[in-house]
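Biologist: Please put the model on the screen, and we can go through it together.

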Amino acid sequence: MTSRLIALLILTVSILTACGRANATPPAAAGYLIFLEGGFSNAGETVKVLDSGTGSVVRELPLGTPSSDWSRYYVVTQLTGSAQLKAIEPASGRTIGQIAVPAGYSLPNIAFQGPTAGISPNGKWLALSQNSSNFLVGPSSLSEPFKTIHLKGGEFVFDALSNDGNSLYLIQKMLDANHYRVRLYDVAAGALMPQPVADKREPNEPMNGIRGDSAADPAGNYVYTVYIRAGGPFIHALPLGQPFAWCIDLPSRAPNDMEKQFQWALAISRDGGSLYAANAALGTVSVLTTGDAPKVVRSGLLALAHDNTLLGGLVTNAEAKGPRIGGAALSSDGRTLFTFGGTGVVAVDTATLKVRARYLDPWQPDTMRMSTDGKWLYVAESSENKVWQIDPATGAVAELKAATNPWALLWAEPK
């Protein structure tokens, strides 16, 4: 193929791509509130609440910790000599509770991106942290003073909190930055358990890796977290209230490519029975059983790029962008997994692990979130200030108005 012909083909693809991106879509349906974070860091960032019909920002919230159903949203404000922990109703912005806490305590920020953490899966308990060795644990109703925890002998960061508020899981940093230990603090007994939390099948295997995406099962009994490491990614399955964990290896097609490993995104079925792990950069989807001794039961390689690309191998369709918030979502009936392709969004049949539909090609969206009623899939691309509303049943695409730098879609609910 001559260089002139290659140049002509590239020009043709560029023209087709530009035309595709210019296609107009109808306005989005009204009646929903969209919660999104703008920007990439949490320094001065806010969570914006958008009206789906107008695209207007109806309110802004400081970065904080939501309950799993977003009925409450917690923020800490540092004051002179103390701090204030406040509970907000995010849909209205109304303050529904507050309590004073010692100065310097804040809600944990696990990965220094997106909303903070510290809440139990059932939303009844909160943990705050200070200086990697001090913690507070108390009821999210803010009706009682919080218990104070002082730890010695290392640096600790929040990992998870059980539904009864008695099991506080912490990540203990090791001298080797690539290794860590999970520790269990018994809040009721006021003691750090002497043995680290380890894989029940391989208790002597040292844990190492960098934290990625995480998901809790609907009942709040397990927290599943992807860890990235040189030997290949794995899922750390933590049964809350237990002194052990499970480590499940994910398919490793590029074990040394950390950027591609960070593309793993998790979605869990509404009944909590199946966990899906998708990686757009690797074109891989895995299905895991949950509960005791979780394991990968199926994996599939997806045709994420179009088979009929004009330049074939001359054009690279996938582009790793680093870890995402909202990289995968499940339809309410559990039959369709939505994730990202090299471009656009792909709908994957969960029974066959085959791509059944594509949307928003050739856009390159960053984040997605299913509405709580399962009626709409919201998708955003921060670099182009775009937010779309997709009907999971029909594939119809509409666009929200006036979205600015929508880096992470966090929640979507009917008004």
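Biologist: Is Trp70 buried or exposed?

Modeller: Trp70 counts as buried, because its relative accessibility is 6% (buried is under 20% relative accessible area, exposed over 50%, partly exposed in between, with a 1.4 Å probe and protein chains only). This is a predicted model, in which local features need pLDDT of at least 70 and side-chain atom pairs pLDDT 80 or more, whereas totals for chains, interfaces and linings use all residues. Residues are numbered from 1 along each chain as its sequence is written, and side-chain values use heavy atoms, without hydrogens or water.

Biologist: Where in the chain is the place of Trp70?

Modeller: Trp70 sits in the loop between β4 and β5 (strands are DSSP runs of E with at least two residues, helices runs of H or I with at least four, numbered from the N terminus). The backbone of Trp70 has a positive phi of about 60°, although this residue is not a glycine. As background, most residues other than glycine have a negative phi, and most peptide bonds are trans.

Biologist: Which other residue has a positive phi without being glycine?

Modeller: Leu353 is one, with phi near 60°, and it belongs to the loop between β27 (345-349) and β28. Leu353 also counts as buried, because its relative accessibility is 6%.

Biologist: And which peptide bond is cis?

Modeller: The bond from Asp361 to Pro362 is cis, with omega near 10°, and Pro362 is found in the loop between β28 and β29 (367-370).

Biologist: Back to the rings, how many aromatic pairs does the structure hold?

Modeller: It holds nine aromatic pairs (ring centres within 6.5 Å, using the six-membered ring of Trp; planes under 30 degrees apart are stacked, over 60 edge-to-face, the rest tilted). In one of them, Phe35 and Trp70 are tilted, with 5.1 Å from centre to centre and 45° between the planes.

Biologist: Why does that pair tie together parts that are apart in sequence?

Modeller: Phe35 lies in strand β1 (residues 32-38), while Trp70 is in the loop between β4 (65-66) and β5 (73-79), so the pair connects parts that are 35 residues apart in sequence. Phe35 counts as buried, at 0% relative accessibility. Ring pairs also link Phe35 and Trp70 with Tyr73 and Trp411 into a cluster.

Biologist: What is Leu410 in contact with?

Modeller: Leaving aside neighbours within four places in sequence, Leu410 is in contact with residues including Phe35, Trp70, Val47, Pro115, Ile325 and Arg369 (contact means heavy atoms within 4.5 Å). Leu410 lies in strand β33 (residues 406-414) and is buried, with a relative accessible area of 6%. Leu410 and Val49 are 361 residues apart in sequence, yet their C-alpha atoms are 10.0 Å apart in space.

Biologist: New topic: how many residues has the largest nonpolar core?

Modeller: The largest nonpolar core has 20 residues, and those with the most contacts inside it are Tyr224, Ile235 and Leu266 (a core is a set of buried Ala, Val, Leu, Ile, Met, Phe, Trp, Tyr and Cys joined through side-chain atoms within 4.5 Å). At least two residues of this core come from each of β18 (222-228), β19 (234-239), β20 (244-249), β21 (264-268) and β22 (274-279), and β18 gives the largest share, four residues. Apart from neighbours within four places in sequence, Leu266 is in contact with Tyr224 and Ile235, among others.

Biologist: How many bridges join β17 to β18?

Modeller: Five bridges join strand β17 (residues 210-216) to β18, and the two run antiparallel (strands pair if DSSP finds at least two bridges between them). Ser214 stands opposite Thr225 in β18. The hairpin of β17 and β18 has five residues between the strands, and Gly220 there takes a positive phi near 75°.

Biologist: What order has the open sheet of four strands?

Modeller: The order is β25-β26-β27-β28, with antiparallel pairing. The edges are β25 (328-330) and β28 (354-359), each with a single partner strand, so one side of each has no neighbour in the sheet. Three bridges join β25 to β26 (residues 336-340), and Leu330 has Leu337 of β26 as its bridge partner.

Biologist: Finally, how many helices and strands are there in the chain?

Modeller: The chain has two helices and 33 strands, and 51% of its 415 residues count as buried. Among contacts with a separation of 6 or more, 47% join residues 24 or more positions apart.
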